[in-house]
There are 2 protein chains.
Amino acid sequence: MLTHANAQLQRRSLQHEVGHSPVRGCPVWTLTGSSLASGLDPEELSLVEHLVSKRIRLRRGDALYRVGSAFEALYAIRVGSCKTVLLGRSGHEQVAGYHMFGDIVGIDGIASNAHECQATALEDMEVYPFAFDRLENLARFSDRFRYNLHKLLSQECSRAQGRTLVMGTMGADQRLAVFLLDLSERYSARGFSPCEFVLRMTRGEIGSYLGLELETVSRMFSRFQEQGVLQVQGRLVKLLDQVALRALPG
Amino acid sequence: MLTHANAQLQRRSLQHEVGHSPVRGCPVWTLTGSSLASGLDPEELSLVEHLVSKRIRLRRGDALYRVGSAFEALYAIRVGSCKTVLLGRSGHEQVAGYHMFGDIVGIDGIASNAHECQATALEDMEVYPFAFDRLENLARFSDRFRYNLHKLLSQECSRAQGRTLVMGTMGADQRLAVFLLDLSERYSARGFSPCEFVLRMTRGEIGSYLGLELETVSRMFSRFQEQGVLQVQGRLVKLLDQVALRALPG
DNA sequence: CGACTAGTTGAGGCCAGTCAATGTTGGTGG
DNA sequence: CCACCAACATTGACTGGCCTCAACTAGTCG
């Protein structure tokens, strides 16, 4: 109950901050918040906006796309958050990413023209689809937009590569610390508190994302709390000692 | 001695296969072998070729670029192979990738205009630099090339993401199996034997790449040999039972 | 030859996985 | 309003896989 109210509050405060028209308007704020539209002049921005023809609503648990789905578009998240899940053979699955409003998902489909993972809403969502052929077309005319698109793709690489370093060299406590600091930074970049936020994932999903078991994640939360580094109550997390948290990873 | 002769042989046989002009010529074969130039018509191909102005030679151990180097170009590997290494703070480092001739390296620099890892030659190399601003420019005019470029970037993402799955969910034996099968496939795609090849990395580098210690890698090699799955002699690997190897992961 | 690097193998310890029991939360219907 | 249920979370005990430390071998180069 409290957590939900908190989310509401956050959402409202963001809307205020970026000062966008509350509903139905063009998704300017979604885009300017994203890397795709940064630095575009008004004319280019207008072109980008006109790529958006509809808005997709998802309920918690719904899939935006599934493994093997034909790749048609990138999706800008306007409201809510989702996870992307990779399926290993034998049903073994792993959370590949966590995406919040302002993020762009669907990049995994470009390589093979079919999505390689499944995107599942962690809460009710609204996303704007951008047909990829039209994005590519736009990239032909706008130097800046092309640059942004390349940067977006490249950043996705960097992110994934950073994760391999985390998974390959760090212990459970370090991994969780990195995860929390990443969340903190991303919330902060969106105008929210970097010290207090609500997790949208279960312990199991966090563990899957970090290459750990859910029990281990739970234990690490408890240990951090004992050490006074943070405070946890279910999915509500308060970071008390960011310095200590940052000192953990090597 | 034998291994080196083997490499020589392999190299010559490839040259034969793709039928390129043996030396000094334009790097057509390098490009057509790569994803960047696939499907281009002769005119476009010519444009790509003209992007190449020089050839860089590296000796084993030399760095093609270092962490923090200004990002200027992507590099097509004509001869040899290299590793890319990420540096965690506190000097901890991790091998991020292994790249052989026909591959393109340097993508890690796009996101922040500076390289995020270091590329080090594992043997003597020859690479062709492609100034990135000129690549971007070309991407403006050629739809097909733009598509290839996006695909290249996206594939890099997929590769990294696949690695996180390996590192997050698999045991030491499975990781090594995946690694060997990946090598096998890549050699095979270049016209070499998928069953017999020479590793260009030390046990320590393989371990770093897989998130394991060098002793563990060594032990896994020994175990596989005991089981009759493969045969190892130093860096020369012969895959005897690919079925068993493929059955391991998943 | 000696110094060095790469690789193999063994012994022991620790971190995280596994199994299992219990506690907590949120939603549903009597 | 409360009982009930399912999903989520916590905690403990035990196990095992991988890391760590260490000794030894093989090949390389000045």
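Strands here are DSSP runs of E at least two residues long, numbered from the N terminus. Keep in mind as you look around that this is a predicted model.

Let's start in chain A, with the loop between strand 6 (104-105) and strand 7 (118-121). A:Asn113 is found in that loop. Check its backbone: A:Asn113 isn't a glycine, yet its phi is positive, near 60°. As a rule, most residues other than glycine have a negative phi. Is A:Asn113 buried or exposed? A:Asn113 has 12 C-beta neighbours inside 10 Å, so it counts as exposed.

Now hop over to chain B and find B:Asn113. This residue lies in the loop between strand 6 (104-105) and strand 7 (117-121) of chain B. Its phi is positive too, at about 60°, although B:Asn113 is not a glycine. B:Asn113 is exposed because 12 other C-beta atoms sit within 10 Å.

While you're in chain B, have a look at strand 8 (residues 125-131). Which strands does it pair with? One is strand 1 (residues 56-58) of chain B, which runs antiparallel to strand 8 and is joined to it by three bridges. To see this pairing at residue level, pick out B:Leu58, which stands opposite B:Met125 in strand 8 of chain B. Another is strand 3 (residues 73-79) of chain B, also antiparallel to strand 8, with six bridges joining the two. Here, B:Leu74 has B:Phe130 of strand 8 in chain B as its bridge partner. In a regular strand, side chains alternate between the two faces of the sheet.

Methods: Residues numbered from 1 in each chain as written. Chains lettered and ligands numbered in written order. Predicted model: local features only at pLDDT ≥ 70, side-chain atom pairs only at ≥ 80, totals over all residues. Pairing = 2+ DSSP bridges. Helix = DSSP H or I, 4+ residues; strand = E, 2+ residues; numbered from the N terminus. Buried ≥ 20, exposed ≤ 12 C-beta atoms within 10 Å, placed from the backbone.
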